[in-house]
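Hello,

Here is the structure for your files. My notes on it follow below the model.

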Amino acid sequence: MRWLAIALLVVIVLLQHPLWLGKGGWLRVWEVDRQLAEQKEINQVLELRNAGLDAEVRDLKQGYDAIEERARFELGMVKQGEVFVQIPERAAAEQAAAVIPGKAPAAPAAGAAAAAPAKAAAAAPAKAAAPAKPTTAVPQPAKAAPP
């Protein structure tokens, strides 16, 4: 009787092994299900991006407003009769280094005095490349031609 119970237990284990660990077993199904959920999330993000791109393409095909906006902001173009105005922003470093009214700047040490011109020369290109505010074009009234 004992041998029969052991034999039945072995048969059950042999039958369960492919169910849990085989090629189409539960572990593989769970892994594929996890991959499917991950891919669905990726697809949802891509569908949102595609919808935005589709709306932009439709807008560019149908209206001139989107084309004009791109020409202004990406290419820096202005309409005829407009005056181009650009106001550069002060760099954050310049604002932090600005002298506070009523307070004298600290005097540099003797060793730092020699390094000051080198620092100023190195900082000059950085100031020139400071980011600028978005530009705006202001329409000007057309001038009448003299008779």
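**What was found**

From the N terminus on, the elements of the protein chain run α-α-α-β-α-α-β. That is five helices and two strands, where helices (H or I, at least four residues) and strands (E, at least two) are DSSP runs, numbered from the N terminus.

This is a predicted model, in which local features need pLDDT of at least 70 and side-chain atom pairs count only at pLDDT 80 or more, while totals for chains, interfaces and linings use all residues. Residues are numbered from 1 along each chain as its sequence is written, and side-chain values use heavy atoms, with hydrogens and water left out.

**The chain overall**

Of the 147 residues in the protein chain, buried residues make up 3%. Buried means under 20% relative accessible area, exposed over 50%, and partly exposed in between (1.4 Å probe, protein chains only). The protein chain exposes about 13200 Å², and carbon and sulfur atoms supply 65% of that area; the areas come from the Shrake-Rupley method with a 1.4 Å probe, and for residues only the protein chains shown count as cover. Contact means heavy atoms within 4.5 Å. Among contacts between residues at least 6 apart in sequence, 58% join residues at least 24 apart.

**Helix packing**

Helix α1 (residues 2-21) packs on helix α2 (residues 26-62) at an angle of about 10 degrees, with the axes 4 Å apart. That makes α1 roughly parallel to α2. Axes are lines fitted to C-alpha atoms, for helices over the stretch in contact, and angles run from 0 to 180 degrees between N-to-C directions. Angles under 35 degrees count as roughly parallel, over 145 as roughly antiparallel, 65 to 115 as roughly perpendicular and the rest as oblique.

On the α1 side the residues are L19, W20 and L21, and they meet W26, L27 and W30 in α2. By class, this contact has six nonpolar, no polar and no charged residues. (Ala, Val, Leu, Ile, Met, Phe, Trp, Tyr, Cys and Pro count as nonpolar, Asp, Glu, Lys and Arg as charged, and the others, Gly among them, as polar.) L19 is partly exposed, with a relative accessible area of 38%. Beyond its neighbours within four places in sequence, L19 is in contact with G25 and W26.

Between α2 and helix α3 (residues 64-73) the angle is about 100 degrees, with the axes 5 Å apart. The two are therefore roughly perpendicular to each other. E56, D59, L60 and Q62 of α2 make the contact with Y64, A66, I67 and R70 of α3. These residues divide into four nonpolar, one polar and three charged.

**E82**

E82 is in strand β1 (residues 82-85). At 16% relative accessibility, E82 counts as buried. Its side chain forms a polar contact of 3.0 Å with the side chain of R72. A polar atom of the E82 side chain also lies 2.8 Å from the backbone nitrogen of K79. A polar contact is a pair of N or O atoms within 3.5 Å; within protein, one must be able to donate a hydrogen and the other to accept it, and residues adjacent in sequence count only if both atoms are side-chain atoms.

Regards
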